[in-house]
Amino acid sequence: MRKRFNDDILTLILFALIIALNVYVYYLELKFNNLNFNINAYTAIHFGASYGHLDFNGQLYRLCTAMWVHLSLWHIISNMLALWLFVKLVSPIYYTYQILLIYLLSGFFGTLISAIANPSIVAAGASTAISGLVGAMIGMIALPSTRNFNKASIINYGLQMLILN
């Protein structure tokens, strides 16, 4: 089944809003942190970063909120740039709801695995969610229905974004 053009636009609008929400949360972190661009652990935890000892002691919501918290200006810029570019790569193939599900579930399960693996670290950022989109991009390359895409340029572009992120 071929995707409609309107769904691509909806995907880009939705993820522009998600990026705006991430930037707004970072702005709130900055205000709380006295405009220091490097967010300290206390501020990150206050805004919902994952910390295994809290996650598994009644604060499971952190497994969902950690992907909205960022620790530095470079952290949010690189995450949001990578998010936008990977969404643009996968949007011609996947429907909006599929991309959103991949993003949110990857963020949740990536944070969960991180908290299980090392409960003593503060984890924040959208990298786990973006990694899910990378997986979707790899799946896109492997699908026979995507033969008319220039897979070499998608791989090259994707590797550049991984290095950036």
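This is a predicted model: local features need pLDDT of at least 70, side-chain atom pairs count only at pLDDT 80 or more; totals for chains, interfaces and linings use all residues.
Biologist: Is helix 5 roughly parallel or roughly antiparallel to helix 7?

Modeller: The angle between helix 5 and helix 7 is about 25°. Angles under 35 degrees count as roughly parallel, so helix 5 is, relative to helix 7, roughly parallel.

Biologist: And is the crossing of helix 5 with helix 7 left-handed or right-handed?

Modeller: By class, the contact between these two helices has 12 nonpolar, two polar and no charged residues. As for the hand, helix 5 passes helix 7 in a crossing that is left-handed.

Biologist: Which residues of helix 7 does helix 5 meet?

Modeller: On the helix 5 side, the residues are Asn79, Ala82, Leu83, Phe86, Val87, Leu89 and Val90. On the helix 7 side, they are Ser127, Ile130, Leu133, Val134, Ala136, Met137 and Met140.

Biologist: Now for helix 6: at roughly what angle does its axis cross that of helix 7?

Modeller: Helix 6 covers residues 96-117 and helix 7 covers residues 127-142. Their axes come within 7 Å, and the crossing angle is roughly 130°.

Biologist: How many charged residues are in the contact of helix 6 with helix 7?

Modeller: Helix 6 passes helix 7 in a right-handed crossing. Helix 6 brings residues including Ile99, Ser106 and Gly110, and helix 7 brings residues including Thr128, Gly132 and Ala136. By class, this contact has six nonpolar residues, six polar ones, and a charged count of none: no charged residues.

Biologist: Let's look at one residue there. Which residues does isoleucine 102 touch, leaving out those up to four places away in sequence?

Modeller: Isoleucine 102 has its place in helix 6. Its C-alpha atom is separated by 9.1 Å from that of glycine 135, which is 33 residues apart from it along the chain. The residues that isoleucine 102 touches are Gly132, Leu133 and Ala136.

Biologist: Does isoleucine 102 count as buried, partly exposed or exposed, and why?

Modeller: Buried needs under 20% relative accessible area, and exposed needs over 50%. Isoleucine 102 has 22% relative accessibility, so it counts as partly exposed.

Biologist: What about threonine 11: how far is it in space from leucine 100?

Modeller: Threonine 11 has its place in helix 1, residues 5-32. It is buried, with a relative accessible area of 0%, and it touches Val87, Ser91, Thr96 and Ile99, not counting residues up to four places away in sequence. Threonine 11 and leucine 100 are 89 residues apart in sequence, and in space their C-alpha to C-alpha distance is 8.4 Å.

Biologist: Moving to a loop, which residue has its backbone nitrogen 3.1 Å from a polar atom of the side chain of serine 72?

Modeller: Serine 72 is found in the loop between helix 4 and helix 5. It is buried, with a relative accessible area of 17%, and it touches Tyr26, Phe37 and Asn38, not counting residues up to four places away in sequence. The backbone nitrogen at 3.1 Å belongs to histidine 75.

Biologist: Is asparagine 34 buried or exposed?

Modeller: Asparagine 34 is found in the loop between helix 1 and helix 2. Its phi is near 55°, a positive value in a residue other than glycine. With a relative accessible area of 70%, asparagine 34 is exposed.

Biologist: Near what value is the phi of leucine 35?

Modeller: Leucine 35 is found in the loop between helix 1 and helix 2, and at 60% relative accessibility it counts as exposed. Its phi is positive, in a residue other than glycine, and is near 60°.

Biologist: Last one: in what order do the elements of the protein run from the N terminus?

Modeller: The protein has eight helices and two strands. Of its 165 residues, 43% count as buried. From the N terminus on, the order is α-α-β-α-α-α-α-β-α-α.

Notes:
Residues are numbered from 1 along each chain as its sequence is written. Side-chain values use heavy atoms; hydrogens and water are left out. Axes are lines fitted to C-alpha atoms, for helices over the stretch in contact, and angles run from 0 to 180 degrees between N-to-C directions. Helices (H or I, at least four residues) and strands (E, at least two) are DSSP runs, numbered from the N terminus. A crossing is left-handed if the near helix is turned anticlockwise from the far one by less than a right angle, and right-handed if clockwise. Contact means heavy atoms within 4.5 Å. Ala, Val, Leu, Ile, Met, Phe, Trp, Tyr, Cys and Pro count as nonpolar, Asp, Glu, Lys and Arg as charged, and the others, Gly among them, as polar. Buried means under 20% relative accessible area, exposed over 50%, partly exposed in between (1.4 Å probe, protein chains only). A polar contact is a pair of N or O atoms within 3.5 Å; within protein, one must be able to donate a hydrogen and the other to accept it, and residues adjacent in sequence count only if both atoms are side-chain atoms. Angles under 35 degrees count as roughly parallel, over 145 as roughly antiparallel, 65 to 115 as roughly perpendicular and the rest as oblique.
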